[in-house]
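Please read the points below beside the structure.

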Amino acid sequence: MKIAITATGKTLDSQVDPRFGRAACFIIADTETMEFTAIENDNIAAAGGAGISSAKTVIDAGAEAVLTGNCGPNAHRTLAAANIKLFTGLTGSVQTAVEQFNSGKLTETTAPNVQSHFGMDT
Amino acid sequence: MKIAIASGKGGTGKTTVATNLARTAARLGCKTQYLDCDVEEPNGHIFLKPKIDSTQPVTVDVPKVDLQKCTGCGKCGELCQYSAIISLAEHNVLTFEQLCHSCTGCWLICPENAIEPAPLEIGQIELGKAGSLHFASGLLNIGHVRTPSMIKEVKKHLDPDSLAFIDVPPGTSCPVVEALKDTDFVLLVTEPTPFGLNDLKLAVALAREMLLPFAVVINRSGIGNDQVKQYCHAENINIALELPDDIRIAHAYSQGRMLIDELPEYKKHFTRLYKYLETIPDKRHDT
């Protein structure tokens with residue numbers, strides 16, 4: 001299964017970026033083989049709508065789930081419309097986040113966990 | 001003739017100057033308008049206490065998608081620079097009306113004619129009179145962000161045959177630019193403090209960028225330091241009016257009373273300012 005993890009860098013030992021819309025990178029990883037690609041996020045400095053555009057980026061990359069720190073209402077609505085599972089509150093390395101996901105211990109987030117523009121201040 | 005009353009810093013006395021100046025001009029027999037373009041928090045009505053004759057809703061167009069017609073081509077979302085519309089798949093298009101800037105692009109580009117404009121109410125405009133002074137004020141609905149659109153609508157009520165005073169929002173961002181557009185002269189209200197000076201410099205830079213002639217009004221003169229005056233002198237900027245730091249002004253203001261009515265000794269200040277503005281050339285008569 002392909003999942004997207006927000007990351008501060010382009011490797012599996014990068015930290016999970018707490019921001020979704022304005023994450024530095026998205027790591028698209030295969031949860032079985034741990035093969036991955038990194039996408040730099042063009043929306044990091046967007047004037048607005050970063051969450052929506054970032055959601056579109058991970059949808060187009062074929063991800064079926066998203067692991068991140070925080071997710072606001074617009075990104076949440078977009079991901080939900082594409083039936084993408086969302087997991088928030090992740091910290092540590094991308095590798096650890098994927099392992100946690102694989103262990104089945106993560107609980108899916110069914111509502112945005114922060115307000116709009118939350119990632120502008122972090 | 002359109003005079004904008006602006007400031008970089010908030011709370012320097014824009015509304016005090018704009019309302020007292022407008023009332024002074026009207027009482028001197030000039031056909032005068034006051035337009036409150038500080039649409040996120042208009043307060044001119046508190047002082048002018050106009051009789052409101054009509055309240056008009058203001059709407060903007062936002063996209064409405066017929067999902068049955070949508071083929072998921074994605075052209076709408078690719079075009080939109082604000083992510084206000086996004087196509088995820090066939091029959092699956094999301095719109096975020098709060099982000100829409102009403103550019104009309106999505107309904108023009110849609111090859112299936114699946115998108116049409118639908119009105120979204122963003123606020124109201126109140127029109128009325130305070131004595132002989134014509135009054136217009138915009139109020140943006142809470143939670144809406146289309147401030148420049150709202151200001152544009154208020155300015156549609158400008159009467160070309162009147163002397164208009166436009167109460168501009170504070171700052172130097174898009175709403176301020178919209179309010180300043182096409183005005184003939186700008187009064188930049190500041191206070192003689194380091195904060196006042198810092199934001200005055202930003203406002204001066206904006207007025208210069210927009211090629212608008214301007215002068216400075218110093219409010220609460222006597223507090224802070226003399227750096228605003230030094231700056232104006234060095235930059236060759238006219239100080240058109242100084243209002244002293246007078247506790248009675250603050251007292252009248254806090255009760256929603258007009259300075260010129262409550263403290264008649266200030267009438268001459270505003271009359272002098274009005275006479276000064278009369279000497280400013282009206283762009284409409286330029287060739």
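1. The model under review is predicted.

2. Several elements give two or more residues to the lining of the largest pocket: from chain A, helix 1 (50-60) and helix 2 (73-81), and from chain B, strand 3 (51-65), helix 5 (147-155) and helix 6 (174-180). Helix 5 of chain B gives the most, with five residues. Within chain B, domain 1 (2-58 + 126-282) and domain 2 (67-113) each supply at least three residues to this lining. By class, the lining of the largest pocket divides into 18 nonpolar, 18 polar and six charged residues.

3. The second largest pocket holds about 400 Å³ of space. Its lining comprises 20 residues, of which Gly11(B), Thr12(B), Gly13(B), Thr16(B) and Tyr253(B) are the closest to the centre. Helix 1 (14-27), strand 10 (214-221) and helix 9 (247-254) of chain B are the elements that give two or more residues to this lining. The classes here are five nonpolar, eight polar and seven charged residues.

4. Three cavities reach 30 Å³ or more. The volume of the largest cavity is about 100 Å³. It is lined by 16 residues, and those closest to its centre are Cys70(B), Cys73(B), Cys76(B), Cys110(B) and Ile115(B). The lining of the largest cavity has 10 nonpolar, four polar and two charged residues.

5. The second largest cavity has a volume of about 70 Å³. Among the residues that line this cavity are Thr16(B), Asn20(B), Phe47(B), Tyr253(B) and Arg257(B). Helix 1 and helix 9 of chain B are the elements that give two or more residues to the lining. Six nonpolar, three polar and one charged residues make up this lining. Thr16(B) and Tyr253(B) may also be found among the residues closest to the centre of the second largest pocket.

6. Over all chains, the structure holds five aromatic pairs. One of them joins Phe20(A) and Phe26(A) in a tilted arrangement, at 5.7 Å centre to centre and with 55° between the planes. Both Phe20(A) and Phe26(A) are buried.

7. Phe185(B) and Tyr276(B) form an edge-to-face aromatic pair, at 6.1 Å centre to centre and with 75° between the planes. Phe185(B) belongs to strand 9 (residues 185-190) of chain B and Tyr276(B) to helix 11 (residues 267-278) of chain B, so the pair ties together parts that are 91 residues apart in sequence. Phe185(B) counts as buried because its relative accessibility is 3%, under the 20% cut-off. Tyr276(B), at 23% relative accessibility, counts as partly exposed.

8. A contact between a charged residue and a ring links the two chains: Arg77(A) lies over the face of Phe96(B), at 4.5 Å from the ring centre.

9. Thr33(A) is situated in the loop between strand 2 (25-30) and strand 3 (36-40) of chain A. With a relative accessible area of 46%, Thr33(A) is partly exposed. Its C-alpha atom is separated by 9.3 Å from that of Met1(A), a residue 32 residues apart from Thr33(A) along the chain.

Note on methods:
Residues numbered from 1 in each chain as written. Chains lettered and ligands numbered in written order. Predicted model: local features only at pLDDT ≥ 70, side-chain atom pairs only at ≥ 80, totals over all residues. Heavy atoms only, no water. Phe/Tyr/Trp six-rings, centres within 6.5 Å; stacked < 30°, edge-to-face > 60°. Buried < 20%, exposed > 50% of the residue type's maximum accessible area, 1.4 Å probe, protein only. Helix = DSSP H or I, 4+ residues; strand = E, 2+ residues; numbered from the N terminus. Lys NZ or Arg CZ within 6 Å of the ring centre and 35° of its normal. Nonpolar A, V, L, I, M, F, W, Y, C, P; charged D, E, K, R; others polar. Domains from an automatic or database assignment. 1 Å grid on protein atoms, 1.4 Å probe; cavity = no way out; pocket = protein on both sides within 12 Å on 5 of 7 lines; lining within 4 Å. Points joined across faces, edges and corners; volume = space filled by probe spheres on them.
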